[in-house]
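Have a look at the structure first.

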Amino acid sequence: MRTASTGQHSHERTDRDPRPSGGATPLRALGEVPWRDIRDSTGSAAAIPLLLNTVAWGGPDAAGRALDELRDRICQYGFVVEQATAATVPFLWELAQLPEVTCRPRIIQLLKNIADARQWEHTATAYPKLLNHRENHVVWERAARRAVHARRDVLGRLMAEEDAEVVGACAELARSLGE
């Protein structure tokens, strides 16, 4: 089915090869996560797969905007995680390893923010009743941190790259993870 032109000029790159390097298909497991059933900062996390795909395949501007929105949804203000954060982390690690992804240092910084997140845990020490809520944010926060730690073996490969920004972001993340 063909669609009519909107008459607007696209500012996105069209010269990108949509196929990943190395033969593997990134983000293949996105459909295995029940995004509609889990929450991000806006409500349903159903938009996360589209945002991750845009980060993966969009030009620099589109990928950057998608990553900003994704960050607001899963690690608001750089330290408030959500239920969908832990489910998103493996995909962030996957994207951080793809040389064609244009915002890898920022993805690694987001992983660092998630690894450092302790907002709900600190709040629960002052207000223990928070742990009794149906939506237990402390559990979400701990699960998100565990998800970042679970893939820390990737850091060695990333730190061996020639991209100084990627290496610098990885060094910061490694310090946060106690590596």
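Below are some notes on the overall fold, then on one helix and its neighbour.

Keep in mind that this is a predicted model. The protein chain has 8 helices and 4 strands, and our focus is helix 4, which covers residues 104–116.

**The whole chain**
- Going along the sequence, the elements come in the order β-β-α-α-β-β-α-α-α-α-α-α.
- Of the 179 residues in the protein chain, 45% are buried.
- Take the contacts between residues at least 6 apart in sequence: 66% of them join residues at least 24 apart.

**Helix 4 by itself**
- Helix 4 has 13 residues and reaches 18 Å from first C-alpha to last, close to the 18 Å expected at 1.5 Å a residue.
- With 10 of its 13 residues buried, helix 4 is largely enclosed by the rest of the structure.
- The buried set takes in Ile-107, Ile-108, Leu-110 and Leu-111, among others, and also includes Arg-104, Lys-112 and Asn-113.

**Helix 4 against helix 6**
- Two packed helices are described by the angle between their axes and the distance between the axes.
- Here, the axes of helix 4 and helix 6 (residues 137–150) come within 8 Å and cross at roughly 130°.
- That angle makes helix 4 oblique to helix 6, and the crossing is left-handed.
- On the helix 4 side, Leu-111, Ile-114 and Ala-115 make the contact; they meet Ala-144, Arg-145 and Val-148 of helix 6.
- Sorted by class, that contact has 5 nonpolar residues, 1 charged and no polar ones.

Terms used:
Residues are numbered from 1 along each chain as its sequence is written. This is a predicted model: local features need pLDDT of at least 70, side-chain atom pairs count only at pLDDT 80 or more; totals for chains, interfaces and linings use all residues. Side-chain values use heavy atoms; hydrogens and water are left out. Axes are lines fitted to C-alpha atoms, for helices over the stretch in contact, and angles run from 0 to 180 degrees between N-to-C directions. Helices (H or I, at least four residues) and strands (E, at least two) are DSSP runs, numbered from the N terminus. Angles under 35 degrees count as roughly parallel, over 145 as roughly antiparallel, 65 to 115 as roughly perpendicular and the rest as oblique. A crossing is left-handed if the near helix is turned anticlockwise from the far one by less than a right angle, and right-handed if clockwise. Contact means heavy atoms within 4.5 Å. Ala, Val, Leu, Ile, Met, Phe, Trp, Tyr, Cys and Pro count as nonpolar, Asp, Glu, Lys and Arg as charged, and the others, Gly among them, as polar. The expected span of a helix is 1.5 Å times one less than its number of residues. Buried means under 20% relative accessible area, exposed over 50%, partly exposed in between (1.4 Å probe, protein chains only).
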